[in-house]
Amino acid sequence: MTQITKICCIGAGYVGGPTMAMIAKKCPHIKVTVVDLNEQRIAAWNDEDVNKIPVYEPGLSEVVAEARGRNLFFSTEVESAIADAQMVFISVNTPTKTYGAGKGQAADLKWIELCARQIARVAKDNKIIVEKSTLPVRTASAIRDILTHTGNGSQFQILSNPEFLAEGTAVEDLDAPDRVLIGGDSTPEGQIAVQALVDVYANWIPRERILTTNVWSSELSKLTANAFLAQRVSSINSLSELCEKTEADITEVAKAIGTDSRIGPKFLKASVGFGGSCFQKDILNLVYIARSYGLQEVADYWEQVIIMNDHQKKRFANQMIRDLYNTVNGKKISFLGWAFKKDTNDTRESAAIYVADHLLYEQAYISVYDPKVLEDQVYADLDYLGSRTQEENRNGVKVVSDPYEACKGAHAIAVLTEWDEFKNYDWQRIYDSMLKPAKIFDGRNLLDTNKLSDIGFIVQAIGKK
Ligand code: NAI
């Protein structure tokens, strides 16, 4: 079996949905079925109005519109889709464990194991299983253990094919990735499976960008890539604090070092801190794995990236309180942005959540505007923290659909997400509607500080005096 014509993907989330939509678009000869236990999510992927699909990504609704119903299907019929497919991608969530051994660090592999057991139960013929989720190194051996004991003679090959897309640019990244990584066994059967997946991607990706490795290198490369990316953010953020003390300017420093070709200009933007479902959990996972092998120095080294990120979020909130005369009690603070970055509706681990939590603790009153995040999500994020009652969260935070309304009567504005539209607001109108002195805390270094200062705002940007 080398020519793949039927793919199933378990997990219709931020990775499973877009990656499978792209495979379906580029490979009309492959039937791609994306399954999920979450009925509401599948219904949204099937919504007649393609703009209502559950993941917001520029260009994604067009890709889905082209392939859906032709060779792309979204379904809750998990078992029949697995049984029917030659290749099964596992793209379920792998959050940090919240209980038991490894709590707060290790990846919770409960959903991965459930998938493996489900595949073992329903598979009646040979299949290639592809780890698309980000997994601790050596997870494939656990999946293999479960699958080799089905007792029905089916043969399974396990591949690792981590996803490197970035939310907000997922369609671009999937269309023209820097590389695709496929890890497989060195046995002849393993190599046949690797080739089958290479052939799928080769429908639109140049061969030289499809890297093949052993399974463990592939699994570890994904954790490593996220650790390196997050480390750059924490590195520049750590220096932003030093800039604020020394009158150096972090944007100038970033530009000066980024022109060195060994360093490069990307991922050097100082901010209120990184968020998203991946960086923190993957580094914590790396830290846990290193500790479990007794590598304390390695673990401590990477843990510092998280410690610095937590510090940056706290520091931003504390600075707001300090600049608002050491009290925000009863003051209206307007949040522009709630998503963890622009061009996505994903809010997982968003810095906004933690800054809000800190300010609510100081009894501020927060008004949130985000172009793509719905009210229910904002409350769900705050409720999940468990810092206060649901009622208290709803009393302390209001979510509005108009940015001017969000800022009206506010003591201060905090920019938490770098949405482009914020740059083009009528800032004079906003200034006129606010209490004076009107303060802006730009957590993304997004706005034109000079222009705002000319209007009369007092602006505090990250890493600038
Ligand atoms: P998600 O939480 O958006 O989606 C996962 C989906 O899997 C959920 O809809 C859930 O209902 C479903 N699911 C869980 N167990 C299931 C089961 N047994 N049967 C059927 N459906 C099941 O997660 P997301 O963001 O798509 O991430 C998936 C994996 O991809 C994670 O391991 C993540 O680390 C990794 N990843 C995420 C990236 C991102 O930007 N979000 C980028 C690269 C990798």
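This is a predicted model: local features need pLDDT of at least 70, side-chain atom pairs count only at pLDDT 80 or more; totals for chains, interfaces and linings use all residues.
Residues are numbered from 1 along each chain as its sequence is written.

Over residues 334–449 the chain is 36% helix and 16% strand, with the end C-alpha atoms 18 Å apart; helices (H or I, at least four residues) and strands (E, at least two) are DSSP runs, numbered from the N terminus.

Let me turn to the sheet. Six strands form an open sheet in the order β11-β10-β9-β12-β13-β14, with parallel pairing, where two strands pair if DSSP finds at least two bridges between them. Its edge strands, each pairing on one side only, are β11 (397–399) and β14 (458–461), and the twist from one strand to the next averages 20°. Within this sheet, β9 (residues 332–336) and β12 (residues 412–415) pair in the parallel sense over four bridges, and Ser334 has Ile413 in β12 as its bridge partner.

Helix α12 (residues 296–323) lies across β12, β13 (439–442) and β14, and runs at about 165° to β13; axes are lines fitted to C-alpha atoms, for helices over the stretch in contact, and angles run from 0 to 180 degrees between N-to-C directions. Two residues are in contact if their C-beta atoms, placed from the backbone, lie within 7 Å.

Which residue does UniProt list as "active site"? In an unreviewed entry, that residue is Cys278, which sits in the loop between α10 (250–258) and α11 (279–292). Cys278 counts as buried because it has 25 C-beta neighbours inside 10 Å, the cut-offs being 20 or more other C-beta atoms within 10 Å for buried, 12 or fewer for exposed, and partly exposed in between, with C-beta atoms placed from the backbone. Leaving aside neighbours within four places in sequence, Cys278 is in contact with Thr134 and Asn226.

Finally, Lys25 belongs to helix α1 (residues 16–26) and is buried, with 24 other C-beta atoms within 10 Å. Beyond its neighbours within four places in sequence, Lys25 is in contact with Val63, Glu66 and Ala67, and its C-alpha atom is separated by 8.8 Å from that of Arg68, 43 residues apart along the chain.

Terms used:
UniProt positions are given in the numbering used here, feature names are shortened, and annotations may be inferred rather than shown by experiment.
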